[in-house]
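Today's notebook page is open, and I have a two-part look-up planned. Here is what I am working from.

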2 protein chains.
Amino acid sequence: METAELWKKYQEKMFVISSYDLVISTTYFDADTIAPVKGADYRNDRLAYLYGEVFSLQTDPELLELLEKLNSAENLDDEKKRIVKWHLEDFNKMRYIPKELYVEYSQVQLEANDVWKKAKSENNYKLFEPYLFRLIELTKKTLEYRHTDLKGYNILLDDFEPGMNIEKYDRFFGLIKERLIPLIKRISKAEKIDTAFVYDYYPVEQQRKFMKEILDYMHYDFDAGVLAETEHPFSNAISKYDSRITTHYYENNLMSSVFSVVHEAGHATYNNQVRDDLAETFVFSNISSGMHESQSRLMENYLARTSAFWDNLFPKVKELFPEQLKDVDQKKFVRAANASECSLIRTDADELTYPLHILIRYEIEKGIFDGSIDLNDLENIWNEKYEEYLGIRPSCSSEGILQDVHWAGGMFGYFPTYALGSGYAAQFMHAMRKDLDVDQLMHDNKFTVIKDWLREHIHQYGGLYLPEEQIRIATGEEFNPEYYVDYLTEKYTSLYFPE
Amino acid sequence: METAELWKKYQEKMFVISSYDLVISTTYFDADTIAPVKGADYRNDRLAYLYGEVFSLQTDPELLELLEKLNSAENLDDEKKRIVKWHLEDFNKMRYIPKELYVEYSQVQLEANDVWKKAKSENNYKLFEPYLFRLIELTKKTLEYRHTDLKGYNILLDDFEPGMNIEKYDRFFGLIKERLIPLIKRISKAEKIDTAFVYDYYPVEQQRKFMKEILDYMHYDFDAGVLAETEHPFSNAISKYDSRITTHYYENNLMSSVFSVVHEAGHATYNNQVRDDLAETFVFSNISSGMHESQSRLMENYLARTSAFWDNLFPKVKELFPEQLKDVDQKKFVRAANASECSLIRTDADELTYPLHILIRYEIEKGIFDGSIDLNDLENIWNEKYEEYLGIRPSCSSEGILQDVHWAGGMFGYFPTYALGSGYAAQFMHAMRKDLDVDQLMHDNKFTVIKDWLREHIHQYGGLYLPEEQIRIATGEEFNPEYYVDYLTEKYTSLYFPE
């Protein structure tokens, strides 16, 4: 067969897989946003079946044959070669896993997700514990079917962030501990920033209007996305042309929805800005977690927590909440958005203490997979670590071990990419600021120029490049976490200890 | 194979089909409620592919073999025999249609639906016309592959309402013309009922709250359903446990959302009340259109337009709209809800003139399929018929030929079941009133007793029985359309010409 014909056949197979992905992804979004509770069992049984069908398509020997032929074809262009290479690697990850195991795992994930919601709302870890154990067991079992030189937790780490492993993460988190913990301790004794107004009463209906303002300012394309409401904010790229975000409104917390919306819009922007000719290929959805997270963190922290971001938006928030903000000027508002305080909930954590929340999860996951942790002691270990690193102890499961959805989805190895993504973002931001006067652009209401830079240097490629390659392309340098700790150190030192 | 084992294998195949139905149905609901416009092409291409997959499953020779074996098995209980019989009949309808034709048809339907939305909002019939022609052509082509004694339009009529044909519908509509047109003419010269308040300003947010009140009164189960918002109200039973409804809010029309919500809740109640052991069988979703419509019409017209229905709800609507309804008492409110006036939009039509809207569509469809209508003249014919039967002429396409979604979905032969369903409902209501003091029950806030009656006599069976059988089971008589015209004649005579 001609290479062009092989490619065409390959694309046809991808089209079939993407058809399943589309409806499953939409059903998943529906389930998390509006579906009624009584339909859950009926839906989960059928979704698990379809996950199995997708698994069969993804591990189809004909697909493998096509990929192998394309991989050795001589006249395939460089980008297509990469796509084939990444896809082959992914194929080999799935290849030896028994379908029954995969379907069982999917079924437990779907159930665990529902049980987790219930357990969290009832503040009852014991309800969720057996599902967590089962997911850990099934994850370990799945790892036995992976033919790779990597072992245990390293396989999971590499799945979510190609090239990463325990050694590298240990180094990364070592730097964070060394440089940030002393700063956090110093700040805990410094004068507090006044954030009382943040916890005033902000009616949900008004918050909704404000999110629309923020997203319009960021040129989020509502014709290619949706803002919906869920318990746990997330983004969901059904396609490049339909990249959705969700948030959760708290009546007594203005900042929570603001920064979750900007964060998820960062993810959506990545998906919306992938090049058209890559949008229906393997590299559209196969972007590393760290790289994706770098784009949400960049928007959330490196842009939306600056004063310039608020030059156009602060008058709007004042208009929507005149009473609540009557004694608040832009400076006070931005300072409050950056206040650092050790807290229990990761998603509400400030930029500085955030990586410690991740460190805790990373250490626990490491312990789960190297067997050094007694699973029956998990909640206690969680609480101990919060006390050790953040000086506070959860008083209940819902603000402790039950706070995150990830483990309920069997996503072990994912958390560390959150801190890593923040690290990438610091370096991207450093490069962007060399090219653009970012603050001036935001002041001038030209957020699109910033998005254009991100598209040109990062987004357009989707997952065409490995994280290390992508960082080199966008910044001209190897990944250097010093940018991250330097940024945090400078920012928080000048915020809390102005000269 | 043992019969029990055959049945198990058959159920397994049904489970697979229902898995596809679930995700497709959810995606369809999502598309109509919140999906962004730019994702439409990507989605439609993939949905059309999956429709093809479902078609393959539905026409799978192994399924046929199972059905045939079960059909001739001796030790199958009566209900299962029926299920198998209806399924076999359905199988034979699909059986000889080429898959390519089916997929092409699906693709055109999906596109036509999007184009129709655009054409309607731009009031441009010419935009939609080529899609309509294509759907007519493809429908005719599909009919060539139907092995049946029926011909042309009769095949379509029988598909939506087993047992119905042109001859029977002509008789049914003949009675309507004979008995109702003179009454409508008399009313057009009578003193008008004051409905001005209906078109006051009713904020959408308040209407939403009111719909919640109405659905609570009707004991609609929000744990097994959703109320969403769409351009065109519809109901969508994803499963017995997830039976959804939608409505459209108009700021200047209170009654529109009220009666569409009650109507769709009628459909949803049917699905929610199907017996558990039938809920995952062929007869769950395969209920005749006329029978389903009888249940929505029964709620909408025969219950919600009575005064007793409002005994509990009128105080609530007064509370939500105190200004708008300050000069309106319950009597005036209910009279306005029943006012009859010839109008252009079917979905807003009153109970009395409604069947004429259907008659017009029926006559046009008949002409399309017997070739007596020049397709290029369709819009003109539509307008002429409105002038003939209702004495008014659409001034634009969106309030004429573009008003309904059905033809954009290729649903020819469906419309007549709307009038027929109203006819069935009259007879059901007559039977129910023999058993129950319906008005007293509504007055006493005991709507569940009415729902129980419907479950016991109709809903529990799903589509287990043919319409004619179901009518006999619930009423002890053959279908008799005199109940319908008598009801309308008595009701509207006493409303407009009280003695």
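I began with a salt bridge (a side-chain nitrogen of Lys or Arg within 4 Å of a carboxyl oxygen of Asp or Glu): B:D221 pairs with A:K38, and their closest N and O atoms are 2.5 Å apart. The rule finds 6 salt bridges across the interface of chain A and chain B.

A note on the ground rules: this is a predicted model, where local features need pLDDT of at least 70 and side-chain atom pairs count only at pLDDT 80 or more, while totals for chains, interfaces and linings use all residues. Residues are numbered from 1 along each chain as its sequence is written, chains are lettered from A in the order in which they are written, and side-chain values use heavy atoms, without hydrogens and water.

Next I looked up the contacts (heavy atoms within 4.5 Å): 38 residues of chain A touch 38 residues of chain B. The buried area (accessible area, 1.4 Å probe, that two parts lose on being put together, summed over both) is about 3300 Å², and carbon and sulfur atoms give 67% of it.

The axes (lines fitted to C-alpha atoms over the stretch in contact, with angles from 0 to 180 degrees between N-to-C directions) of α13(B), residues 310–320, and α14(B), residues 330–338, come within 11 Å and cross at roughly 105°. I therefore logged α13(B) and α14(B) as roughly perpendicular (65 to 115 degrees). B:F314 in α13(B) and B:F333 in α14(B) are among the residues that meet there.

How values were computed
Helices (H or I, at least four residues) and strands (E, at least two) are DSSP runs, numbered from the N terminus. Angles under 35 degrees count as roughly parallel, over 145 as roughly antiparallel, 65 to 115 as roughly perpendicular and the rest as oblique.
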